[in-house]
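Keep the structure open while reading.

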Amino acid sequence: MVLGPYVANVVLVINTGKMERSLEATTMENTTSSCFLMERKALVKINRKEVMLAKLRKSCSCTPQKLKNFVMDFFPVLRWLPKYRCKEYIWGDIMSGLVIGIILVPQAIAYSLLAGLKPIYSLYTSFFANIIYFLMGTSRHVSVGIFSLISLMVGQVVDRELLLAGFDLNDDAPPALGDGSLQNDSFSNTTAFNLTIVGINAECGKECYAIGIATALTFVAGVYQVLMGIFRLGFVSMYLSESVLDGFATGASLTILTAQVKYLFGIKIPRSQGHGMLVITWINIFRNISQANLCDVITSAICIVVLVTAKELGDKYKHKLKFPLPTELVVIAVATLVSHYGKLNEVYGSSVSGAIPTGFIPPKVPEFNLMLRVAVDALPLAIVSFVFTVSLSEMFAKKYAYTIRANQEMFAVGFCNIIPSFFHSFATSAALAKTLVKTSTGCQTQVSGVISAMVVLLVLLFLAPLFYSLQKCVLACIIIVSLRGALRKFRDVPARYHVNKMDTLVWVVTMSASALVSTEIGLLVGIVFSMLCIIVRTQRPRTALLGQIQDTNFYEDDLEYKNLSTVPKVKIFRFEAPLYYANRNYFLKSLYRLTNLDPNLEAARRKKYEKKEKQHLKKGNHRTVNGLGIGETTLQLVPKQIDFQALVVDCSSISFLDTTGVNTLKEILKDYKNLNISVLLACCNPSVIDSLKRGGYFGRDFECMQEMLFYSIHNAVLFAKDQNDRQRGAVCNK
């Protein structure tokens with residue numbers, strides 16, 4: 001490859017890349033100047049079969065040291081806990097653990113509304129998730145447990161299956177089965193039949209069936225995550241861009257907000273299911289607004305004002321506060337006391353949380369038949385849970401200068417779902433808000449997670465019955481106020497639009513689909529739409545003709561920059577995308593439009609002109625149709641609009657070529673050659689050069705390669721100028 005046939009004093013910086021390739025620079029003398037010749041090293045042939053067998057033998061071998069390393073990698077706590085600096089870390093971990101535990105209790109009880117389950121199951125989830133992540137997680141700071149978005153996704157599946165089983169989704173409806181009474185024969189038969197086909201005992205009531213669905217869903221999601229870790233499929237998270245995740249979270253937040261409004265007003269309407277849940281729920285709310293419970297409305301207004309005010313003050317003075325104010329816990333404690341002594345449930349009919357048992361329910365294996373019903377729903381749940389956990393882990397690892405292992409995070413989150421599913425828990429994930437609180441209160445390691453689990457355990461064993469009289473509208477207020485961060489994303493839309501219009505469109509589409517259709521469909525729509533946007537960007541990329549920056553060897557877009565000089569008789573074309581089958585036509589159209597020349601049309605025009613000339617000559621007329629002599633015909637064949645004799649294609653932005661791309665370059669090479677216009681390629685990367693070689697672009701023996709391929713645009717331009725000068729000299733000599 002000729003790197004600079006007409007440039008002296010060149011500084012050559014070479015990135016060798018892979019070790020199997022090397023570089024050899026040779027200086028050769030030309031009649032005009034020095035020439036730098038780069039030769040590619042021959043590829044070292046690798047026996048892939050032997051490499052795979054060697055890796056397999058190494059992975060299958062079992063030695064005491066390897067077994068020890070495997071156990072310590074699988075349980076990272078065994079590595080860092082013996083090195084724990086007690087005096088330095090313990091007080092920060094205790095403080096952050098206590099604060100997170102205090103926050104977890106009200107959030108766990110509140111998020112049970114989202115999951116459609118009893119509060120006790122949320123407390124179980126918070127307890128087991130913290131213990132398991134302490135043992136298996138590699139992040140020192142993330143807080144793993146219940147997360148509003150994950151709870152919503154679980155709740156949607158639970159509601160759907162309850163509806164299919166014939167249960168009433170109204171929270172205050174009496175149980176259809178399990179209390180010894182049946183409302184009517186037809187309803188009981190339907191319910192019993194639906195329960196029988198999924199393998200659940202007909203005596204199992206609504207609560208039992210709901211947690212059965214949730215644990216089966218959680219178990220399958222955990223299995224998916226572990227399998228993804230085994231097969232190293234963490235790359236799946238790369239398809240969830242920041243715009244997709246933000247749009248998904250914002251759309252889901254609107255759905256969460258909508259689902260809680262009925263509790264704010266004390267309206268007893270069934271949960272909407274299926275696509276368009278947000279719209280249907282709002283229609284039902286406005287239809288039943290006259291049934292609003294005044295007690296719940298007043299309580300909701302007071303709680304929201306108190307919570308929002310406390311949050312705003314906390315944000316304003318967070319640098320002066322040593323730890324966040326436990327506003328949620330204070331609100332719950334006061335509201336519970338007022339509800340209990342004011343008898344708000346008995347006197348005003350306000351909906352309350354009800355009995356929360358103490359202790360642990362005996363473990364139970366999730367139902368296999370239910371797993372089959374929710375297997376598809378578990379996949380987006382597994383992906384979202386993993387992506388949020390890994391992204392937060394990487395964010396805080398970078399901030400505090402340590403590393404995490406994404407694959408181990410996959411295992412940790414997977415087992416945070418698999419093991420707790422046997423103990424009546426549902427899916428978990430890392431949560432940004434709690435993680436921020438954790439770091440701001442001095443967290444150093446996951447010992448703080450154990451402290452938080454102990455706080456939850458204290459509630460589980462002794463304090464849970466005290467929340468019997470807690471109004472559901474108070475829990476709804478806590479959930480809605482916690483959505484402030486996600487809903488504030490709407491304020492960022494103008495700034496987002498200013499930075500990148502395409503990413504803003506992805507955010508809007510994902511948010512709209514998540515809110516108006518469903519969360520799972522919204523996530524799928526966001527992924528597909530973002531990938532389509534990438535395809536569109538490569539299908540219709542930027543193209544430009546380049547001009548020379550004065551007194552330099554550099555070239556830029558003449559539409560974007562001023563004071564660029566055009567190169568006489570040379571057109572320089574830049575295509576800012578890979579050249580492949582989807583953008584082939586756009587490449588050709590852009591090239592023909594910018595150079596103001598379609599070689600096919602010009603060739604056809606010339607053939608037509610030559611045909612007419614031959615017809616005149618056969619008739620004995622030695623004058624052409626334009627009144628010119630035969631000797632002047634050749635000059636007439638070169639049209640005036642062709643103002644260049646060389647085309648330089650800047651390939652610096654072409655990352656790869658497929659077969660169609662190679663054939664396209666061969667096509668323009670042939671078409672322009674018929675018009676006596678040379679095509680020169682500049683700034684090609686090695687993969688593009690290999691594709692061109694395999695496609696026969698340089699001929700069989702690559703004999704013309706040094707006259708077709710150049711290291712820089714300037715080298716190609718100098719070569720084209722010299723070529724033009726030689727042609728003019730040859731014409732003059734004749």
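## Strand E5 and its partners

Strand E5 joins E8 through 3 bridges, and the two run antiparallel. In this pairing Thr543 stands opposite Phe575 of E8. E5 covers residues 543-549. The model is a predicted one.

E5 also pairs with strand E6 (residues 555-557), in the antiparallel sense, over 3 bridges. Here Leu546 stands opposite Asp557 of E6. The hairpin of E5 and E6 has 5 residues between the strands. Within that hairpin, Asp551 takes a positive phi near 65 degrees. Strand E7 (residues 564-565) is another antiparallel partner of E5, with 2 bridges. The bridge partner of Ile549 in E7 is Leu564. How enclosed is E5? Of its 7 residues, 6 are buried, so E5 is largely enclosed by the rest of the structure.

Strand E8 spans residues 569-575. E8 runs antiparallel to E5, but parallel to E9, to which 6 bridges join it. Val570 has Ala646 of E9 as its bridge partner.

E9 (residues 644-650) is also largely enclosed by the rest of the structure, because 6 of its 7 residues are buried. On to strand E10 (residues 678-682): 5 bridges join E9 to E10, and these strands run parallel. Leu647 stands opposite Val679 of E10. In a regular strand, side chains alternate between the two faces of the sheet.

## Helices H8 and H15

Two packed helices are described by the angle between their axes and the distance between those axes. Helix H8 (residues 206-230) packs on helix H15 (residues 406-421) at about 155 degrees, with the axes 7 Å apart. That angle makes H8 roughly antiparallel to H15, since the cut-off for this class is over 145 degrees. The crossing of H8 and H15 is left-handed.

Which residues make the contact? From H8 come Thr215, Thr218, Phe219, Gly222, Val223, Gln225, Val226, Met228, Gly229 and Ile230. From H15 come Asn407, Met410, Phe411, Val413, Gly414, Phe415, Asn417, Ile418 and Ser421. By class, this contact of H8 with H15 has 10 nonpolar residues, 9 polar residues and no charged ones.

## Thr218 in H8

Thr218 sits in helix H8. Is Thr218 buried or exposed? Its relative accessible area is 0%, so Thr218 is buried, as buried means under 20%.

Not counting residues up to four places away in sequence, Thr218 touches Asn417, Ser421, Ser425, Phe426 and Ala427. Asn417 and Ser421 are among the H15 residues in the contact with H8.

## Helices H6 and H14

The axes of helix H6 (residues 148-164) and helix H14 (residues 368-399) come within 10 Å. They cross at roughly 170 degrees. H6 and H14 are therefore roughly antiparallel to each other.

On the H6 side, the contact has Leu149, Ile150, Met153, Val154, Val157, Arg160, Glu161 and Leu164. They meet Arg373, Val374, Asp377, Pro380, Leu381, Val384, Ser385 and Phe388 in H14. What is the class make-up of the contact of H6 with H14? By class, it has 11 nonpolar, 1 polar and 4 charged residues.

## Thr519 in H22

Thr519 lies in helix H22 (residues 519-539). Thr519 is buried, with a relative accessible area of 0%. Its contacts, leaving aside neighbours within four places in sequence, are Leu152, Met153, Gln156, Phe248, Ala252 and Ser514. Met153 is also one of the H6 residues that meet H14.

How far apart in space are Thr519 and Thr255, C-alpha to C-alpha? They are 8.4 Å apart in space and 264 residues apart in sequence.

## The whole protein

The protein has 28 helices and 11 strands. It has 734 residues, and 48% of them count as buried. Among contacts with a separation of 6 or more, 80% come from residues 24 or more positions apart.

How values were computed:
Residues numbered from 1 in each chain as written. Predicted model: local features only at pLDDT ≥ 70, side-chain atom pairs only at ≥ 80, totals over all residues. Heavy atoms only, no water. Axes fitted to C-alpha atoms, helices over the stretch in contact; angles between N-to-C directions. Helix = DSSP H or I, 4+ residues; strand = E, 2+ residues; numbered from the N terminus. Parallel < 35°, antiparallel > 145°, perpendicular 65-115°, else oblique. Left-handed = near helix turned anticlockwise from the far one by under 90°. Contact = heavy atoms within 4.5 Å. Nonpolar A, V, L, I, M, F, W, Y, C, P; charged D, E, K, R; others polar. Buried < 20%, exposed > 50% of the residue type's maximum accessible area, 1.4 Å probe, protein only. Pairing = 2+ DSSP bridges.
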